[in-house]
Amino acid sequence: MLKIKVNNSVSDLRNSSSKYIDVEVNCKKSDTVIDFDYKNKFAYKPFINSHDHLISNWFPRSGNHLPYTNSHIWVEENKNSESFLERNKIWENNGDFDLLNENAKLIVKMGMYKNIFSGVHILQDHIKQQKPEYYKMFDIYVIEQFTQCHSIILGNWWGGSTAEEEMKHSKGIIPFIIHLSEGIDNVSKSEFNILLEKDLLRMNTLIIHGICLTKDELSKISEVGASVCWCPSSNMYLIGQTLDVLSALEKGVNICLGTDSTMTGGIHLFDEFKHAKRACNKITGQVLYQMVTKNAEKALFLNDQSILHNQNNLLILEQMHDDIYENLLYQEIDNIDLLIHQSKPIYGNLAYFELFNLNSNDYEIFKIGNKEKFIIGHPQLLNSQIDEILGYHKNFPFLPF
Ligand SMILES: [Zn+2]
């Protein structure tokens with residue numbers, strides 16, 4: 001066990017009596033304390049991506065009739081899109097949505113790397129509940145405790161119980177997650193009332209999108225203490241509009257942030273920060289940081305979990321802006337200096353790899369520009385396995401090689 005001390009961090013990481021934060025690292029080096037000089041780097045809690053579909057992180061984005069008036073039209077059309085059909089060559093869904101299939105694993109692991117390369121260490125994978133082995137195969141924390149429904153109109157076509165049964169199973173102590181109001185037409189506008197009629201707006205409800213939610217509806221969400229996940233890049237691409245995020249914040253709604261999959265969303269969470277700012281110029285870096293940390297912890301019921309202990313998790317980013325929060329809006333994959341999840345270094349500059357004396361069998365080493373990096377696992381090998389099945393090289397924009 002090795003300890004890192006960091007002295008230039010966001011305030012919620014620091015103990016008031018110390019200017020340092022301590023992070024413990026599991027590695028072959030022991031009983032050492034490293035006191036870094038972090039003049040040009042900032043430390044953060046690693047991020048939480050509150051909405052993704054790991055199996056759908058294929059590229060390019062799909063959609064022949066943009067913008068859509070509601071997402072349900074896209075859900076059907078997507079099944080014949082170029083991107084979807086190309087992904088079918090790797091894994092064709094036989095209708096059971098079992099992602100433990102060998103080829104499905106190739107794709108969902110790629111989705112994991114999309115998240116790691118933008119500082120994410122916890123994510124919500126919106127799909128029917130998978131078998132426990134699924135959640136164990138990742139190098140970051142893919143949330144296992146949740147209930148869900150695809151959407152109030154289409155229901156759980158991808159598996160799982162009815163929305164009402166799923167909510168009942170949640171017992172109010174784990175999140176109930178549902179796409180809602182993802183559009184601007186009357187169908188989308190009717191969805192919030194259906195949610196109310198079915199008694200599904202509760203404290204543990206996490207609404208994904210909420211594009212056409214009115215101020216009154218946002219007040220109701222705030223009153224019950226439910227949460228909304230904002231996905232600006234996906235919304236602007238698919239529908240051409242997004243959640244009224246300023247009204248939602250004004251009403252006190254707990255807002256978290258999600259990338260959605262790359263079939264509709266941006267490239268990764270760093271990209272999402274930029275899309276969020278573009279969609280709403282008044283949003284600050286500090287508010288975005290809250291959305292991907294404490295607001296997400298609340299929405300996803302992570303508050304008491306040991307997974308969040310600050311001494312086990314750390315994200316260090318290069319300083320690209322004087323303000324520690326605004327700095328988030330200027331980040332690219334290669335700006336991650338170090339990402340530690342559960343005391344395990346999972347991505348960072350090669351200097352740390354050598355310093356921690358990490359096991360080279362567990363990592364891949366690669367170069368971005370003149371920076372040498374290490375990454376947990378074997379993403380280049382995964383990419384080549386996909387290439388072998390396709391018969392040509394598939395370029396994923398969220399990978400740095
Ligand atoms: Zn989604």
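A residue is taken as buried if 20 or more other C-beta atoms lie within 10 Å of its own, and as exposed if 12 or fewer do so. In the present structure, which is a predicted model, this criterion was applied to C212: with 24 C-beta neighbours inside 10 Å, C212 counts as buried. The residue is located in the loop between β10 and α7. When neighbours within four places in sequence are left aside, the contacts of C212 are with S181, G183, I184, S188 and K189. A further relation is found between C212 and L180, which are separated by 32 residues in sequence and by 9.1 Å in space, C-alpha to C-alpha.

Helix α7 comprises residues 215–224, and E217, L218 and I221 are buried within this helix. These three residues lie on the same side of α7, because they cover an arc of only 100° around the axis. Elements that cover the buried residues of α7 include the helices α6 (186–197) and α9 (245–250), together with the strands β10 (205–209) and β11 (227–230). On the face of α7 turned away from the buried side, the exposed residues K215, D216 and E223 are found. The helix is followed by G225, for which phi is positive, near 80°.

Strand β10, one of the elements covering the buried residues of α7, also contains H209. The phi of H209 is near 90°, a positive value in a residue other than glycine. Most residues other than glycine have a negative phi, and most peptide bonds are trans. H209 has 30 C-beta neighbours inside 10 Å and therefore counts as buried. A positive phi in a residue other than glycine is also present at K171, where the value is near 50°. K171 belongs to the loop between α5 (163–170) and β9 (176–180). In contrast to the buried H209, K171 counts as exposed, because 9 C-beta neighbours lie inside 10 Å.

The peptide bond from F59 to P60 is cis, with omega near 5°. P60 is situated in the loop between β5 (47–52) and α1 (71–78). A cis peptide bond also joins L66 and P67, with omega of about -10°. P67, too, lies in the loop between β5 and α1.

The packing of one helix pair was examined next. Two packed helices are described by the angle between their axes and the distance between the axes. For helix α3 (residues 102–116) and helix α14 (residues 379–390), the packing angle is about 140° and the axes are 10 Å apart. Since angles over 145 degrees count as roughly antiparallel, the value for this pair makes α3 oblique to α14. The crossing in which α3 passes α14 is left-handed. At the contact, L106, K109, M110 and Y113 in α3 meet P379, L382, Q385 and I386 in α14. The residues of this contact divide into six nonpolar, one polar and one charged.

Conventions: Residues numbered from 1 in each chain as written. Predicted model: local features only at pLDDT ≥ 70, side-chain atom pairs only at ≥ 80, totals over all residues. Helix = DSSP H or I, 4+ residues; strand = E, 2+ residues; numbered from the N terminus. Arc of directions from axis to C-beta. Contact = placed C-beta atoms within 7 Å. Axes fitted to C-alpha atoms, helices over the stretch in contact; angles between N-to-C directions. Parallel < 35°, antiparallel > 145°, perpendicular 65-115°, else oblique. Left-handed = near helix turned anticlockwise from the far one by under 90°. Nonpolar A, V, L, I, M, F, W, Y, C, P; charged D, E, K, R; others polar.
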